[in-house]
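Please work through the exercises below with the sequence and the structure at hand.

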Amino acid sequence: MQFHHHGYVSHDPRVQPAAGTGIDRPADLPDEMDVLIVGSGPAGMLLAAQMSQFPSLSTRIIERRDGRLPLGQADGIQPRSVETFQAFGFAERILAEAYNIAYMNFWTPDPDNPANIIRTARTDDYALKISEFPHLIVNQARVLDYFAEAAAHGPGRIVPDYGIEFLGLTVRDSGDHPVEVRVRHVAGDRAGEERTVRARYVAGCDGARSGVREAIGRRHVGGISAHAWGVMDVLVNTDFPDWRTKCAINAQAGNILHIPREGGYLSRVYVDLGAVPENDDHRVRATPIDEIIRRANEILHPYTLDVKEVAWHSVYEVGHRVTDGFDDVADGEERTPRVFLTGDACHTHSAKAGQGMNVSMQDGFNLGWKLGAVLTGRSHASLLSTYSAERRPVAQQLIDFDKEWSSLMARKPGEISDPQELATYYLATAEFPSGFMTQYPPSAIVADSPHQALAAGFPIGKRFASAEVVLVSDGNAVHLGHHAKADGRWRLYAFADAPAAGEPSQLASWAQWLASSPDSPLVRHTPAGADIDAVFDVKAIYQQRFEDVDLTAVPDLFRPCTGPLGLTDWEKVFAAAPSTWTRTDIFAERELSRDGVVVVVRPDQYVAHVLPFAARDELAEFFAESMIAAGRPGAA
């Protein structure tokens with residue numbers, strides 16, 4: 001963590017100095033704002049945390065509840081989400097309190113006594129095989145707490161406006177704040193008061209029964225399968241030996257997905273309630289908790305659960321729906337969007353794949369930096385059209401995956417020919433549930449590059465897969481990707497050609513061009529008077545050992561003096577060769593050309609371009625397509 005950038009800090013360094021709208025933030029919801037976020041779920045709170053990094057903008061978040069969420073329904077945290085937590089500064093703390101899924105065990109009927117279950121497979125979890133971060137279980141409420149802290153501690157000082165209900169909205173054809181939003185106070189001294197506020201943009205993060213979705217005429221497409229599940233968070237005593245291990249249990253009496261939770265005692269249990277008759281009319285949702293516990297004991301035979309406390313329970317019928325559009329622009333309409341849908345407002349599915357909160361957070365991450373870039377005048381408003389174009393296919397992939405996983409989980413023993421099938425599927429599909437299969441198609445912010453072979457381990461359109469390097473200034477092994485914070489900046493990773501620092505090289509020539517040429521995207525798109533790394537965070541990774549990299553000889557671009565005190569940034573130069581503290585070489589691990597390569601990474605951590613150092617015009621043209629030259633008025 002870097003701090004003292006603006007002078008000595010003696011308090012919690014996670015609390016950034018207030019700036020812009022965060023200095024004297026109005027306590028009451030104002031009449032006008034740049035961005036209004038409706039709903040404080042995972043997508044909404046991440047979006048608020050991201051917008052807090054744009055303190056020149058007025059962003060508010062309204063929530064019908066009168067305070068924080070005390071108990072969340074989602075709990076599975078995939079490695080991609082933990083990467084995101086790292087960017088927002090709280091991965092290490094949430095790791096300390098979460099449950100780490102190390103294994104998943106599979107139980108099926110005992111062939112010698114089918115009324116009993118036996119363990120038939122034990123698989124180590126996929127997470128640490130494909131990421132430096134584990135697969136976690138932690139209460140959704142705690143995830144929201146951490147994002148709320150990031151939003152409140154960011155320069156914009158964003159905190160939710162609780163006790164305010166969304167009623168409806170109208171998008172006008174003109175005006176600086178064309179979205180009129182009707183709200184009602186439902187708590188406190190102003191309860192019952194209705195008013196209209198105006199925003200430039202609105203993000204509907206208000207869940208499966210989204211009022212924002214209804215207001216813009218979007219609809220869920222899909223249906224509910226004829227199968228129901230009871231779910232309960234319980235504290236129990238049991239003789240079941242795998243109670244603190246994630247398990248898929250298939251028995252003659254039904255199925256259980258069992259997931260231990262944080263804290264060492266609590267567990268979540270999904271209990272198969274069976275097929276639902278066509279004329280049920282959702283009566284299954286009234287199944288009492290005693291019946292869910294009875295079914296669980298029946299499935300677990302010969303083991304038993306003695307439930308001491310039920311922290312929460314519910315019944316749901318599996319639904320698979322995707323909204324017919326993720327913004328307010330109708331098919332064939334030629335304008336940029338003003339209203340966006342995220343999370344459950346635009347995709348719903350079963351909970352058993354552990355994807356809902358994770359995909360919702362990536363919706364918010366995708367949208368947040370784009371809103372910030374457009375509203376601060378860095379990018380054209382057309383950038384906002386890429387949100388729906390990128391996230392809707394991801395949601396459809398999620399629905400398709402969840403349908404298959406849910407069907408496998410709900411099978412009867414007689415329908416299973418291979419007891420290892422579920423375990424095999426779990427491991428074979430690991431890249432998707434981990435969050436790493438998303439690959440955005442070519443667009444203004446994802447290149448269709450002919451140079452992919454120069455960095456085969458960084459596929460264009462996929463998230464930037466971190467790897468260990470050595471920080472040259474102090475010799476410590478660090479993950480390169482962990483130095484990228486959710487601050488709205490683009491990253492340019494310059495993987496050097498063979499010559500050492502101070503010798504003539506393609507890296508040195510490229511760095512000189514990037515720092516000084518009027519054609520350089522850094523020069524063209526960095527506002528006058530701003531720090532040289534205000535828009536682009538440029539880092540160099542040399543092939544040598546850190547002991548052999550002379551920091552005084554690296555180009556000045558990689559040792560910028562920034563901030564009000566003009567302090568040298570010592571954390572932009574890295575070494576790839578193995579050393580005392582690392583045994584890996586990122587060039588070999590990520591299949592990087594030894595002739596040098598530039599990897600361009602978006603503010604939401606997705607690889608946007610791969611280029612040789614000589615392709616300067618291509619780099620400049622790529623950014624010119626979506627960004628506005630500094631000093632020009634924005635298109636917001």
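Residues are numbered from 1 along each chain as its sequence is written, and side-chain values use heavy atoms, with hydrogens and water left out.

**Exercise 1. Confidence**

Task: State the mean pLDDT of the protein, and find where pLDDT stays under 50.

Solution. Begin with the term: pLDDT is the predictor's confidence in each residue, from 0 to 100. The mean for the protein is 91, and 93% of its residues reach 70 or more. Next, turn to residues 632–636, over which pLDDT stays under 50. For this stretch the model has eleven contacts (heavy atoms within 4.5 Å) beyond four places in sequence. Where pLDDT is low, the predicted coordinates should not be read in detail.

**Exercise 2. Aromatic pairs**

Task: Classify the pair of Phe 85 and Phe 147 as stacked, tilted or edge-to-face, and do likewise for Phe 90 and Phe 147.

Solution. Recall the rule: rings of Phe, Tyr and Trp (its six-membered ring) pair if their centres lie within 6.5 Å; planes under 30 degrees apart count as stacked, over 60 as edge-to-face and the rest as tilted. A search of the whole structure finds 24 aromatic pairs. For Phe 85 and Phe 147, the ring centres are 5.8 Å apart and the planes stand at 70°, so this pair is edge-to-face. Now locate the partners: Phe 85 is in helix 2 (residues 79–88) and Phe 147 in helix 5 (residues 140–153), so that the pair links parts of the chain 62 residues apart. Helices (H or I, at least four residues) and strands (E, at least two) are DSSP runs, numbered from the N terminus. For Phe 90 and Phe 147, the centres are 5.0 Å apart and the planes are at 90°, so this pair is edge-to-face. Both Phe 90 and Phe 147 are buried, where buried means under 20% relative accessible area, exposed over 50% and partly exposed in between (1.4 Å probe, protein chains only). Finally, one aromatic cluster is formed by Phe 85, Phe 88, Phe 90, Tyr 146, Phe 147 and Phe 365.

**Exercise 3. Strands and sheets**

Solution. Two strands pair if DSSP finds at least two bridges between them.

**Exercise 4. A buried residue**

Task: Is Asp 34 buried or exposed, and which residues are its contacts?

Solution. Asp 34 belongs to strand 1 (residues 32–38). Its relative accessibility is 11%, so Asp 34 counts as buried. Apart from neighbours within four places in sequence, its contacts include Ser 56, His 177, Arg 200 and Leu 375. Val 202 is 168 residues from Asp 34 in sequence, yet the C-alpha atoms are 8.6 Å apart in space.

**Exercise 5. Backbone angles**

Task: Where does Gln 605 lie, and what is its phi?

Solution. Gln 605 lies in the loop between strand 26 and strand 27. Its phi is near 80°, a positive value in a residue other than glycine. Gln 605 is also buried, with a relative accessible area of 10%. Strand 26 (residues 597–601) pairs with strand 27 in the antiparallel sense over four bridges. In strand 27 (residues 607–611), five of the five residues are buried, so this strand is largely enclosed by the rest of the structure. As a further case, the peptide bond from His 301 to Pro 302 is cis, with omega near 20°.
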